[in-house]
Amino acid sequence: MITMAGKAVRKWWALFALPTFAAFVIGFIVPFLMGVYLSFTKFSTVTDSKWVGLRNYRGVFGDPEFLSALWRTVAFAVITTVIVNVFGFAIAYMLTKAIHGSSLFRSVFFMPNLIGGIILGYIWLLLINGVLAKWGKSITFSGTYGFWGIVILVSWQQIGYMMIIYIAGLQSLPGDVLEAAAVDGASRMQTLFHVTLPLMMPSITVCTFLTVTNGFKLFDQNLALTNGAPSNSSELLALNIYRTFYGRIGFEGVGQAKAVMFFLIVGAIVLIQNRITTSKEVVA
């Protein structure tokens, strides 16, 4: 009976997989390939594209605002990755201990992740401007204010989500290994750095991957909080690409070339990050 069922599954698997595969091709592969092609053309719509070769890519690297946004985004991704993962792990470590009300605290810390990025941006715009108003300034007074405002917003939003992943990892740690460390006389700090953290590397890999990619792809919060003001000095890479594509007539091809470069840069960084973190994973 099992053999016959297995043969039936193997016979009809393509029929069941076909709709998902077709949706993937239509919704991702085809638009991606069209986007790569359009990055080598001058166009206003996809039907009037004219091949211009590498001219759009020369425009990308000749745009000082793109390069500034790129380095600003790299700095933003590094800072938020460190803050979110350090605080997310610290809170998870505390909430896995036997403390009263830990379930309530988990819910409270996770709640910011349920709010949309645009809404969060406007909420924090009011909060930060309310604080800065005491000194007669606003978040758009300088790019530095805007940059750190986005860092605070994103860190507040994502810490709770990473906390949940770290809690799941901490709860799955083998108890016998931790008990063996205690029997051998290891202190709490020694156990944390030499036993817990190495065993937590799969969770750290996932969380660093998410925070790095989220840092590079950030758009909603940047748009709502500062919209790149003043003078695009708080503009991150996704917002720069959006503004180039939709805000500058005749630069659609350059905007598309920026998007392709954005994909390649993020892909390379994520592959390097994933290789580094997975190489440190251990088996208990």
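**Entry 1: helix α8**

I started on the exposed side of α8, where I found Met189 and His194. The model I am reading is predicted. Next I looked up which residues of α8 are buried. Helix α8 spans residues 188-199, and its buried residues are Thr191, Leu192, Val195, Thr196 and Leu199. They sit on the same side of α8, because they cover an arc of only 130° around the axis. I then asked what covers the buried residues of α8. The cover includes α3 (64-95), α6 (143-171), α7 (175-183) and α9 (201-217).

**Entry 2: α4 against α6**

I turned to α6 again, this time with helix α4, residues 102-110. Their axes come within 7 Å and cross at roughly 140°. That angle makes α4 oblique to α6. The crossing is left-handed. I listed the contact residues. From α4 they are Arg106, Phe109 and Phe110; from α6 they are Gly160, Tyr161, Met163, Ile164, Ile167 and Gln171. I sorted the residues of this contact into six nonpolar, two polar and one charged.

**Entry 3: Lys258**

I placed Lys258 in helix α12, residues 252-278. Is Lys258 buried or exposed? Its relative accessibility is 0%, so Lys258 counts as buried. I looked up what Lys258 touches, leaving out residues up to four places away in sequence. The list is Val60, Asp63, Phe66, Asn240, Ile241 and Thr244.

Definitions and conventions
Residues numbered from 1 in each chain as written. Predicted model: local features only at pLDDT ≥ 70, side-chain atom pairs only at ≥ 80, totals over all residues. Heavy atoms only, no water. Buried < 20%, exposed > 50% of the residue type's maximum accessible area, 1.4 Å probe, protein only. Helix = DSSP H or I, 4+ residues; strand = E, 2+ residues; numbered from the N terminus. Arc of directions from axis to C-beta. Contact = heavy atoms within 4.5 Å. Axes fitted to C-alpha atoms, helices over the stretch in contact; angles between N-to-C directions. Parallel < 35°, antiparallel > 145°, perpendicular 65-115°, else oblique. Left-handed = near helix turned anticlockwise from the far one by under 90°. Nonpolar A, V, L, I, M, F, W, Y, C, P; charged D, E, K, R; others polar.
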